[in-house]
Amino acid sequence: MRLGLIGKEWRSFLVYPVALLTVCSVLSVPSYAGPISTLPIATAPAALQEEPELPARDWQAEASNHIVDAQVLAGTYYDLTTSATCVVTFNNKGPAALDVTPTLYNLAGQIRTLAAVSVPANKASYVDMRTWVPVGDTQFEQGSIHLAYQGEDLRLGAQVRISRQADSTGFDEQLVDHTAKFAGTTLEGAWWLPTTTATMQLLLSNTSGSSKTATVTVARKGAASVTLPFTLTAHQTRVLDVKLDVLAGAALTQLGGIKVVHTGQPGNVLVRGTVTKGAIGYSASIDFIDPTMTSSSTLHGAGLRVKSIGGQELHSYVVARNLGAAATTVTGRLRYTTTSGSNNVIEMSPLTITGSDVQLIQPLNTLTPAQKELVAVAGVELEYSTLPGSVYLSCQSVSANGTHLFRVPMLDPLAQKSSSGGYPWQVIDDWSTVVYIKNVTAVPQYYTLQFNYAGGVYAPGQRELAAGQTVSIDIKELRNSQTPDEAGYKIPLTADKGQVQWSMDGDDNLVIIGRAEQVNPTIGLSSTYACQNCCPDSFYSLEGVPDPLEGPPEASVQLKATIAVSNCYGTIRVRVNDSFNRWLALPNPYWASNESIASVSPTSGLVTLNDYGNATIYTVARDREYLPGSGPGGCQLIISEFTEDTPVKVHSVSVTVSTSTVRPTAEGEVNNTVVVTVQATPAVPGESVKMKSRLALLPLGHNHGGTPATGTFANTTGITNASGQFQTTFTAPVFALLVLSLEGSIGKVSGGSIVSVGNFALVELPYNEPWYRKVGDDEWHPENHWGSPTCVAGLQELARYYNEFWYGFGYPPPNPEYHNVLSFNDISLVGGGKFDTANRAFVDGGDHIEHRLGRECDVRNINIDADRHTTVIALFEFAGIVSYINHTGAKPHWHVRFPQ
């Protein structure tokens, strides 16, 4: 229950300066294209008396504050030639299905509009583009792609992933809103080549319906730059070999930069670069930036790979290109966490770069190979001394043989949309997905994260990030290790794909960055994905758990504040415990309505139950909403307070039984039931009662797997009478030597009584008797010669009569084979009850049914000469045996019965 907003007056109303709008980052590395409760309570405070209770927030309606409009995402290039596989990923971060209309433009700019693709709510869909362009349709084998949908900004994330399995090369590209991504018409990039014989391509795509000119300048380090104009007709895409088409065959250098200036409006031309060296399986993308979209001179990278992969040591390379004429100094650090949990920082030496020059930084150079293996996760921070946008920085880790490459997108946090995101994940075959989250500030920050999969959600809860810290979450490792989340749930071993949802948790936007990286070490391909949501998650609801809070007097119960949040598209995420009190109104968020009934620690929420009755515990919370407006990333933070009330019911339940021992259920058994009485205090009639029985002590006499049944109640549910009492009958299970707890519960309070199941009058047939032997015990039932006193005495008499008849009053002659010696096999187990034989597990039904009361025994005759059988049978009556069955089979025996 919630009391709603107090007076609808904000405790504080924060409006932040306008920030530059950005969209999903264009991130690209070699990619995968495969499969993808009724007493009155005390008076509340004045504010609560004056303010009527408001209905719960309808976030779906509030989400309409986010503008729903026609959106178009554009991609520079796709490739459906026979050597390539091309997959489009559609990532819907909203609570309803989304219809997306793809449009293809071939290299010449001709158009083909396809049928809409329906993308389910909060899921990622994967489409092989070959299903759109049949084999043989060479006209649309290559070109660019646009995706149109009606929805909120950034609700759809999309990515084109091209892979060439033959040489383990490939590329991916996140599609962007080209009308919002760019503020200028100059795009800048830079490269590092593993070898100067690598192939470098430049992809130019006209997103507009009219001709544009793209002027390309290639600046090789240590060599003269070359500038050439290229005309792009409407929607045309040009694939340029930089060496051949721009440099006229001149050699490439290992470092260099590319500038593209185009005519028209910002976003009219998209630019991508690719580098391949198929012989070693190397492939990388060159990202291009619009310098005018940069807000600061500090860039961060989340998740730099440091450990070796496939036996290959990793080396890191940062390309730093000065885009201006004045010299700049680049400084930075590598922050990493070791496998033992320690946090370390490596400060990089300052590097001065003259105007228009490009330099290489290797941040891992101070670590030995052995030290690298101890790094669990790392993050990179780089800053430069000149104006924002005056330096281009890119980062990657590459294996010593060049086969494995991991791009680390270098992001300006202040130029991002929000500290939140939603990514697709897959762990199919050899593919794994790792999520990186990085704190880009100098103070601790908090975040929440969850993984959605078909049929469930895995939510680790609130987490804290130290200043500058990066964490990695390996989804396959979480699944395979069956690590439980905050609520105890595990990712099923059958789950192989889904969606990641995460957001910072606090008052400040743009304090955390994140991305997801998919890796296949077998084929040497990887892919990275980072797309923000339109705003950080907003508070949706607060609930006190448990609700209601119940217990007997003198008990203590921890009240936990659990939070549900919603992303800016209206998707409600699972509740998490407010572990850090980030959402609670400090310093004293908890108070009680009637402390004579229940009191609460104002800071921790620990509730002490003092006396019978009802009360209420109130929790005051801070309500954060992020709405479109003037604030960092274009998101306005509104903070309010409201109160959650959690009812408290102090009562107790006692359970009494008519007898504390009961015999196990067996054919003819009449002492196998117990009358169970449940009493509620205070004695309130009409309360719902639930009954259950459980093992309080593991059974004796059985050494095998399984769990025995714990008996049955005539009624497992009921209602208390006018005296607050409920009564039912319990019937014992078939197995003996169980200690059961018979429990009755009313609400969350229960009581119980212990009942022991077994025939405790049974005695064991003595072992050291000279006239017979005991047989048949085994590892599953080590004691199988327990019987009634009558049975045990009778068997001893039978042996005495037998030996007197055949051997006088002496002992039988020594015989290693026990020939002509009476052998007593199964009687009953200690305590009686079901004596299972063929099925060595706790199953109610089954054979050996007469060996439960201690009245029967199996007397073997397989070792008794046939001419003695008549004599043995004649002696049965003298021993008190009332009947017998002559069993034949593998071990012939007489099954004899005693009267009691």
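This is a short talk on selected local features of one structure.

Hi everyone, and thanks for coming. Please keep in mind that we are looking at a predicted model.

Let's begin with a sheet. Four strands make up an open sheet, and their order is β8-β4-β10-β11, with antiparallel pairing. At the edges sit β8, residues 123–128, and β11, residues 169–174, and each of these pairs on one side only. On average, neighbouring strands in this sheet are turned by 15° against each other, if direction is ignored. As a reminder, strands of a sheet pair through backbone hydrogen bonds, in a parallel or an antiparallel way. If you want a pair to zoom in on, take β4, residues 85–92, and β10, residues 156–164: they run antiparallel and are joined by eight bridges. Within that pairing, Val87 faces Arg161 of β10.

Staying with these strands for a moment, look at the loop between β10 and β11, where you find Ser168. Its phi is near 55°, which is positive, and this residue is not a glycine. Is Ser168 buried or exposed? Ser168 has 17% relative accessibility, so it counts as buried. Now compare Ala248, in the loop between α3 (242–246) and β17 (255–262). Ala248 also has a positive phi, about 55°, without being a glycine. Here, though, the relative accessibility is 71%, so Ala248 counts as exposed.

While we are on backbone torsions, there are cis peptide bonds to show you. One runs from Val545 to Pro546, with omega near 5°, and Pro546 belongs to the loop between β38 (538–545) and β39 (549–551). Another joins Leu586 and Pro587, with omega about 10°; Pro587 is in the loop between β42 (572–577) and β43 (590–592).

On to the cysteines. How many disulfides does a search of the whole structure find? It finds two. Cys534 and Cys568 form a disulfide with their sulfur atoms 2.0 Å apart. This pair links distant parts of the chain, 34 residues apart: Cys534 is in the loop between β37 (525–529) and β38, and Cys568 is in the loop between β41 (560–566) and β42. The torsion about their S-S bond is about 130°, so this disulfide is right-handed. Both Cys534 and Cys568 are buried.

The other disulfide joins Cys535 to Cys635, again with an S to S distance of 2.0 Å. Its torsion is about -100°, so it is left-handed. Cys535 is in the loop between β37 and β38 while Cys635 is in strand β47, residues 635–650, so the pair ties together parts 100 residues apart in sequence. Cys535 is buried at 1% relative accessibility, and Cys635 is buried with a relative accessible area of 1%. By contrast, Cys857 is in no disulfide, and the nearest cysteine sulfur, from Cys791, is 5.9 Å away. Cys857 is buried too, with a relative accessible area of 0%.

Last stop: Ser828, in the loop between β60 (822–824) and β61 (856–860). At 0% relative accessibility, Ser828 counts as buried. What does its side chain reach at 2.9 Å? That is the backbone nitrogen of Gly854. The side chain of Ser828 also reaches the backbone oxygen of His851, at 3.5 Å. Leaving out residues up to four places away in sequence, Ser828 touches a set of residues including Leu762, Glu783, Trp786, Phe835 and Arg852.

That's my tour, and I'm happy to take questions.

Methods: Residues numbered from 1 in each chain as written. Predicted model: local features only at pLDDT ≥ 70, side-chain atom pairs only at ≥ 80, totals over all residues. Heavy atoms only, no water. Pairing = 2+ DSSP bridges. Helix = DSSP H or I, 4+ residues; strand = E, 2+ residues; numbered from the N terminus. Axes fitted to C-alpha atoms, helices over the stretch in contact; angles between N-to-C directions. Buried < 20%, exposed > 50% of the residue type's maximum accessible area, 1.4 Å probe, protein only. Polar contact = N/O pair within 3.5 Å; in protein donor to acceptor, adjacent residues only side chain to side chain. Contact = heavy atoms within 4.5 Å. Disulfide = S-S within 2.5 Å.
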